[in-house]
Structure formats: structure tokens, C-alpha cells
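Here is a short report for a reader meeting this protein chain for the first time. Please look over the sequence and the model before reading on.

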Amino acid sequence: MIDDIVMKSEKRKIAIIAGEVSGDKIGSDLIGEIAAVYDIDLFGVGGEELARHGLKSLFPYEELSIIGLWDIIKNIFTLRKRVNSTVKSIVSYKPELLILIDSPEFTHRVAKRVKKVMPNITIINYISPTIWFWRQGRGREMSKYITHILSIYPFEPALYKKLNGPPCTYVGNPLFESIINNKLSRKKIANTNKTIVFMPGSRKTEIEQLLPPCINAFREIKKLGYEFNLEIPTFDRFTDLIKEKFVNTGLNYSIYTNASKKIDSFWHSDFAITASGSATLELAACKLPMIVIYKLNKVNSILVKIILKINNLKNISFSLPNLISQKKIIPELLQSDCNSKKITAELIKMLNDGNIINDQLSVFDNIHEIMKVKVRPEKAAADIIRGYL
């Protein structure tokens with residue numbers, strides 16, 4: 001108790017950069033845990049959640065929502081300007097700790113330059129860049145400027161060790177934990193019609209790429225006599241875009257933006273078809289069988305192939321459930337395979353083959369065991385950070 005009082009009496013200067021809505025929320029939960037022990041002065045980039053802890057963002061954090069190499073190239077001058085001003089501001093602020101969350105193309109550029117000017121600063125990376133998919137050399141390079149990585153995926157610590165990267169600790173996955181802590185269970189739907197959850201992405205570019213082949217596939221299986229309802233959880237800014245594409249399709253669908261309704265639909269639907277990303281982990285948490293799809297635009301696809309030095313991206317496993325379980329059970333349709341014909345074939349398999357469903361369910365049980373943690377992720381992360389403070 002005395003130690004807590006001493007800690008609270010000292011104002012600790014912490015800089016944080018959080019990109020994306022999820023990063024803002026994760027950062028807010030983390031800062032809340034740290035602030036329970038230390039009196040914090042917060043500085044950096046974030047959104048509404050971090051603003052509740054007194055953060056006045058240096059610029060709108062939505063600017064960090066950049067996807068794909070081509071998007072980075074198109075925005076390179078704006079990105080460089082923001083990096084320069086952010087580095088200058090953080091160095092002037094003189095924090096003892098810098099926390100990076102998401103948006104690695106921005107946050108890591110800032111971190112490298114801050115570390116050069118302030119070599120004694122502690123830099124924590126909460127949520128690692130996806131070195132398990134591409135640019136593994138970055139893992140080794142990060143040891144030069146990252147003090148510790150707080151990982152949300154259980155396979156990452158071993159990978160960083162193999163790559164001679166910085167210390168990496170799996171602290172648990174906030175998204176996964178929040179779902180399984182609701183203690184809901186899968187319920188059999190008393191309905192002859194199947195219910196399919198459809199999530200075409202969280203960015204406009206993803207949605208524009210994935211809607212056409214999926215809608216064509218849905219129409220095709222309807223022609224074949226399958227009766228089904230589509231549940232389409234999305235964000236407010238995308239509802240009009242999605243509705244426009246579904247006009248005159250003859251499909252039964254429901255579009256909604258409520259987060260709790262989305263999770264509820266996961267527990268009560270038959271299976272899902274979803275863009276690759278964190279949504280696949282949400283579905284695994286709810287034990288909802290799925291088909292995973294993804295399609296980069298032509299420019300991004302060419303750039304990724306050049307950097308990865310491979311000719312065929314579909315040889316790579318890219319969905320989180322497959323990566324975590326180390327089993328390629330979840331169907332993945334990437335790039336040229338993400339077409340209406342192959343999507344239709346996978347949908348028909350899911351509608352007819354109970355063994356495919358059961359195989360996925362057994363994998364989900366395994367994933368739940370692998371992901372299990374004893375301490376809340378934000379508390380585990382805060383405990384490590386308090387050790388550095």
C-alpha cells in the first residue's frame with residue numbers, strides 16, 4: 001500500500017501511439033491498468049478511448065488506417081510529414097516510455113528515430129507487426145529499437161526467439177477474452193433455412209474487392225435450391241455501400257452495425273464467410289465454422305509478391321485460426337482463388353458436409369486451450385510495463 005502511494009505521487013510521462021479503433025480501445029484498457037498504480041501524464045496519438053485518460057491526440061488517428069503497400073506509397077509524403085512531426089513532438093515531451101499499438105508502418109518509423117535521439121527510452125510494442133506472414137527480417141531489426149513486445153498471439157514468442165528479435169511475451173488476446181468471458185454457447189437453430197454470417201471486411205477497399213464474387217456465389221447457390229439468410233455485421237459508414245450491391249439480388253439479408261448483435265449472431269448462425277483478419281479469431285472464439293476469403297487489388301498483389309519473392313500467394317496460410325492451431329482446416333480463398341465459382345463450391349460443402357463442420361469445431365476447441373490465459377491481457381501487459389517503470 002505504501003509502495004502504491006509512492007508510485008502515485010510521481011508523475012510518469014508516457015507517450016503512446018495507437019492506430020485503428022481496436023488499438024485505441026486496447027491502449028485505453030492498458031493505460032487504465034497502469035494508471036491504477038502510477039500518476040500518468042499521457043502524450044501522443046489516439047482516439048476517443050485514450051482521450052478519456054487525458055490524451056490530446058497530435059492528429060486524428062484515423063489517418064493511420066493505411067492498408068496495403070500501394071496505399072503506403074500513395075500516402076508516402078503525408079506519412080513522412082506525420083512521422084517527422086510526431087518524432088519531434090515526442091522528443092520534446094521527453095517521455096520515459098513509448099508504447100506502440102497497431103499501424104506498424106507509422107509507429108515503427110517513429111520508434112526508430114526516437115530511439116536514436118533518446119537511446120535510454122523504453123519502447124513497448126503492444127500487438128506485433130505480422131512478421132509471421134511477411135518481412136520476417138523486421139523481427140531481427142526490431143531488437144535494435146524495441147525493448148519488449150507484448151503479443152496477442154501465442155505463436156509469436158517462439159518466432160521472435162527464432163529470429164533473434166526482442167523479448168516477446170504472450171499476454172493474451174483482448175478480443176478473444178472479451179468474447180469467451182460472456183460464457184455463451186452455440187445453439188442449434190430450429191429453422192430449415194441456414195443462417196450465414198457474411199463479413200466482407202472492415203475497410204472500403206476490402207469490401208469493394210470481396211462483395212462482387214460473394215454476391216454472385218450467393219445467387220448461384222440460391223438458384224441451386226438452397227434456402228438461407230445472410231447476417232451482415234458492418235460499420236455505419238459501409239451500410240449504404242453494401243445495400244447498394246444487394247439491391248435486386250433476390251437474397252434474404254440483414255445488415256446491422258450493433259457490436260453485441262454481431263457477437264450474438266456468431267453464436268446462433270450455422271457458419272460464416274469472412275475477410276481475413278481479426279474477425280476470424282472472433283468467429284473461432286464463438287466456435288462458428290467459417291470460410292476465409294481475401295483479395296488484394298492488382299497493384300498490392302504484385303508488390304507483395306515481389307517483397308515475399310514468391311509467385312503464388314495461395315501457398316501461404318493466412319487465417320489466424322489456421323496459424324494458431326498449426327492446422328490448415330479452415331478453407332482459405334486468396335487472390336485468384338477468391339472467385340464466385342470457388343466460393344460457391346466451398347459454400348455448398350459447408351451446407352452439405354457435416355464432417356467439415358465437425359473438423360472445424362474440434363480445431364476451435366484446441367484454439368480455446370492454446371489461447372487460454374490466467375490473467376486479463378491488459379493486466380498482464382501492464383504488469384510487464386510497470387516492471388520497466
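## Model and confidence

This is a predicted model, in which local features need pLDDT of at least 70, side-chain atom pairs count only at pLDDT 80 or more, and totals for chains, interfaces and linings use all residues. Residues are numbered from 1 along each chain as its sequence is written, and side-chain values use heavy atoms, with hydrogens and water left out.

The pLDDT is the predictor's confidence in each residue, from 0 to 100. Its mean over the chain is 87, and 85% of the residues reach 70 or more. Residues 299–313 have a pLDDT below 50. Beyond near neighbours in sequence, that stretch has 29 contacts in the model. A contact means heavy atoms within 4.5 Å.

## The chain as a whole

The chain has 18 helices and 12 strands. These are DSSP runs numbered from the N terminus: helices are H or I with at least four residues, strands are E with at least two.

Of the 389 residues, 52% count as buried. Buried means under 20% relative accessible area, exposed means over 50%, and partly exposed lies in between (1.4 Å probe, protein chains only). The chain exposes about 18400 Å², and carbon and sulfur atoms supply 52% of that area. Such areas come from the Shrake-Rupley method with a 1.4 Å probe; for residues, only the protein chains shown count as cover. Among contacts with a separation of 6 or more, 68% join residues 24 or more positions apart.

Two packed helices are described by the angle between their axes and the distance between the axes. Axes are lines fitted to C-alpha atoms, for helices over the stretch in contact, and angles run from 0 to 180 degrees between N-to-C directions.

Helix α10 (residues 204–223) packs on α16 (residues 340–352) at about 50 degrees, with the axes 8 Å apart. The pair is therefore oblique. Under 35 degrees counts as roughly parallel, over 145 as roughly antiparallel, 65 to 115 as roughly perpendicular, and the rest as oblique. The crossing is right-handed. The α10 side includes P213, F218 and I221, and the α16 side includes I343, L347 and L351.

## Helix α12 and its cover

Helix α12 spans residues 259–268, and K262, I263, S265, F266 and W267 are buried there. Their cover includes α9, β7, β8, β9 and α13.

The axes of α12 and α13 come within 9 Å and cross at roughly 55 degrees. That makes α12 oblique to α13. K262, I263, F266 and W267 of α12 contact E282, L283 and A285 of α13. This crossing of α12 and α13 is right-handed.

## Helices α2 and α18

Helix α2 (residues 20–35) packs on α18 at about 55 degrees, with axes 9 Å apart. The two are therefore oblique to each other, and their crossing is right-handed. D29, L30, E33 and I34 in α2 meet residues of α18 that include A382, I385 and R386.

R386 belongs to α18, residues 377–388. Is R386 buried or exposed? R386 is buried, with a relative accessible area of 17%. R386 and I34 are 352 residues apart in sequence, yet 7.0 Å apart C-alpha to C-alpha. Leaving out residues up to four places away in sequence, R386 touches E33, I34, V37 and Y38.

## R80 in helix α5

R80 lies in helix α5, residues 76–93. R80 is partly exposed, at 48% relative accessible area. R109 is 29 residues away from R80 along the chain, and their C-alpha atoms are separated by 9.0 Å.

Conventions
Left-handed = near helix turned anticlockwise from the far one by under 90°.
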